[in-house]
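Subject: Structure handover and notes

Hello,

Please find the structure below, followed by notes on what was found in it.

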Amino acid sequence: WEKFINWFKKLFGEEEKETSGKILLVVKNSLLPELQSDLDVWKQDIKNEYNYEVVQKTISAETPEEIKDFVKAEYDSGNLKGVLFIGGIPTVMFQDKSLTVEGSTAIYPSDKYYIDLSNECFSALISKEECNSLTIDIACYKFENEQRCNDFINKKSLFWVARLTTPDYNARNLNGGNNLSLLSLYFKRNHDYRTGTELYEHKMLAFLPMLDSDFPSEESEIYRNRFLNQGSDVEKLNYYSGPVDLINTPEEYKFALEKKPYEYVFYNGHGSPNSAQGITSEELAIIKSKSLFYQLSSCSNGNFIEGDYLAGNYLFQGEGLLVTAMNKPSSGVVQFPSTESFLLDNGFNFADVFQRNGPVLHIYGDPTLSLTKRTNSNVEIKNIDLGQIKIPDNINDFYYKDFNVTIKNLGDEKINIMIMKSGETGTNFDEIGSFLHINASLSFPISIQPSEEIIFPSKLLVHGSLQPVKFSVNYNFYSNAKNPQPNFSISGELVK
């Protein structure tokens, strides 16, 4: 009978498409069956938008080690894009020997344990006594080889991990995190946003209380103007296309959260698990913020094992859809989130932007969401081969080899682009890279009109001190085009 249905669909052009990826959905058993209908709607939304398969796994009392085995099995079977935890799914603690807080080794919860499939960072299970005398019953890990851990952190993440754990979860109430009402409301908001029924303003709200507490007034004003210019001291850049409202006081910030449906909120200030400068979890529960997406640059706001965690209140006590937050104390600089804002503003989803191996930054909410849609235009940018390049015989002589980076908009909509050196390079990049001068404007967001071709004159400084070598320098290329190429390269061969 199943073969007949598939034959029928094929005959009438309705054959099921092969999925382009899969998401592992790990759900606490106490939430079912009541939450299943909401999960089914979400699964269909994911299939409609990404053609992803969603594999659902229900757990009850499984340990993090057992859950990691599930994750690894799905990864090994191929095409795993991400893992989403629903409810009070357990985590592990990470003892970070590379960081001290008030003289003690830092320890914090980290779901990046589930990404570290080869145990490069989470390599040694340690006792509670060694783990800062932690008395709660959560497994604690540390790295054995710092270089291997750092190499893992600097690699591209295999897949993303995010969680939807309600604020009542804490290390002493491991049955918490499963507020059915809050989770059901979240999935309904998620569906309304995807289908366009949730209204909001394409505006950013920013609050930087660290400016007032940590900097003299004159320096604070310089940072404030630079932030409003989106990172420039001279002119306004356009990483984020909407207006940016920079709020000055806690009262203004709380009023804006309560009264105005901002799309995107950026916060930078000192913090703890359930509070930050100018705002607390208790206040968020009263305010019921109307904003949707939050980037919290603040210490420990994502530390969900402490109870009533701030990121969870941003996410669940209001209209929130996603929060990025740190799980431990961390130093930060007040600056505009330029790269993240550009990518989000041009159709990249939150998984694209915040999928990282580092054990600190975590995603709360559904990272398949995005701020905007891609255009229907295609873009063309080609690899550049400079061929053989003659090195001057005299060590003090030099000349410039000129070349062009050409970008074409092949469609009928405006395309925004930004190019950045990727760090993935061929032979002797450190020697060649400092001599390769790409037009600086490509490091900032620029627009190309429909059917337009823009040529960016660039050059290679060929100096007598260079050695014969074949080289290849890779660049990441970001745009809101329908077919965004991930990178292009500039290569050549230096010869005597």
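Which residues lie nearest the centre of the largest pocket, and how many residues line this pocket? K156, A351, D352, V353 and Y478 lie nearest the centre, and the lining has 41 residues. Before going on, note that this is a predicted model, in which local features need pLDDT of at least 70 and side-chain atom pairs count only at pLDDT 80 or more, while totals for chains, interfaces and linings use all residues. Residues are numbered from 1 along each chain as its sequence is written, and side-chain values use heavy atoms, with hydrogens and water left out.

**The largest pocket**

Rolling a probe the size of a water molecule over the atoms shows where empty space is left. Here the search uses a 1 Å grid over the protein atoms alone: a cavity is a set of points where a 1.4 Å probe fits but cannot get out, and a pocket is an open set with protein on both sides within 12 Å along at least five of seven lines. Lining residues have an atom within 4 Å of a point. Grid points are joined across faces, edges and corners, and a volume is the space filled by probe spheres set on the points.

The volume of the largest pocket is about 1,600 Å³. Elements that give two or more residues to its lining include helix 2 (36-50), helix 4 (146-154), helix 12 (350-354) and strand 25 (469-479). Helices (H or I, at least four residues) and strands (E, at least two) are DSSP runs, numbered from the N terminus. Strand 21 gives the largest share of the lining, 4 residues. Sorted by class, the lining has 16 nonpolar, 14 polar and 11 charged residues. In this count Ala, Val, Leu, Ile, Met, Phe, Trp, Tyr, Cys and Pro are nonpolar, Asp, Glu, Lys and Arg are charged, and the others, Gly among them, are polar.

An open sheet of 10 strands has the order 2-1-3-8-17-16-15-11-9-10, and its pairing is mixed. Two strands pair if DSSP finds at least two bridges between them. Strand 2 (52-59) and strand 10 (244-247) are the edge strands, each pairing on one side only. On average, neighbouring strands of this sheet are turned by 20 degrees against each other, direction ignored. Axes are lines fitted to C-alpha atoms, for helices over the stretch in contact (heavy atoms within 4.5 Å). Angles run from 0 to 180 degrees between N-to-C directions.

Within this sheet, strand 8 (160-164) and strand 17 (361-365) pair in the parallel sense over 2 bridges. Y364 in strand 17 is the bridge partner of R163. Helix 11 packs on the sheet and touches strand 9, strand 11 and strand 15; its direction makes about 170 degrees with that of strand 11. Helix 8 (250-259) lies across strand 9, strand 10, strand 11 and strand 15, and runs at about 155 degrees to strand 9.

**The largest cavity**

The structure holds 1 cavity of 30 Å³ or more. The largest cavity has about 50 Å³ of space. Its lining includes W160, V161, L361, H362 and I363. Strand 17 gives the most to this lining, with 3 residues. By class, the lining has 6 nonpolar, 2 polar and 2 charged residues.

An open sheet of 4 strands has the order 18-20-24-22, with antiparallel pairing. Its edge strands are strand 18 (379-381) and strand 22 (436-437). Strand 20 (398-409) and strand 24 (453-463) run antiparallel and are joined by 11 bridges. T406 stands opposite I455 in strand 24, and I407 stands opposite I454. Strand 22 pairs with strand 24 over 2 bridges, with L436 opposite L460.

A disulfide is a covalent bond between the sulfur atoms of two cysteines; the search takes pairs of cysteine sulfur atoms within 2.5 Å. It finds 1 disulfide in the whole structure, joining C121 to C149 with S to S 2.0 Å. C121 lies in the loop between strand 5 (104-110) and strand 6 (124-126) and C149 in helix 4, so the pair ties together parts that are 28 residues apart in sequence.

A cis peptide bond joins L32 and P33, with omega about 10 degrees. P33 lies in the loop between strand 1 (21-28) and helix 2. N79 is not a glycine, yet has a positive phi of about 70 degrees.

Regards
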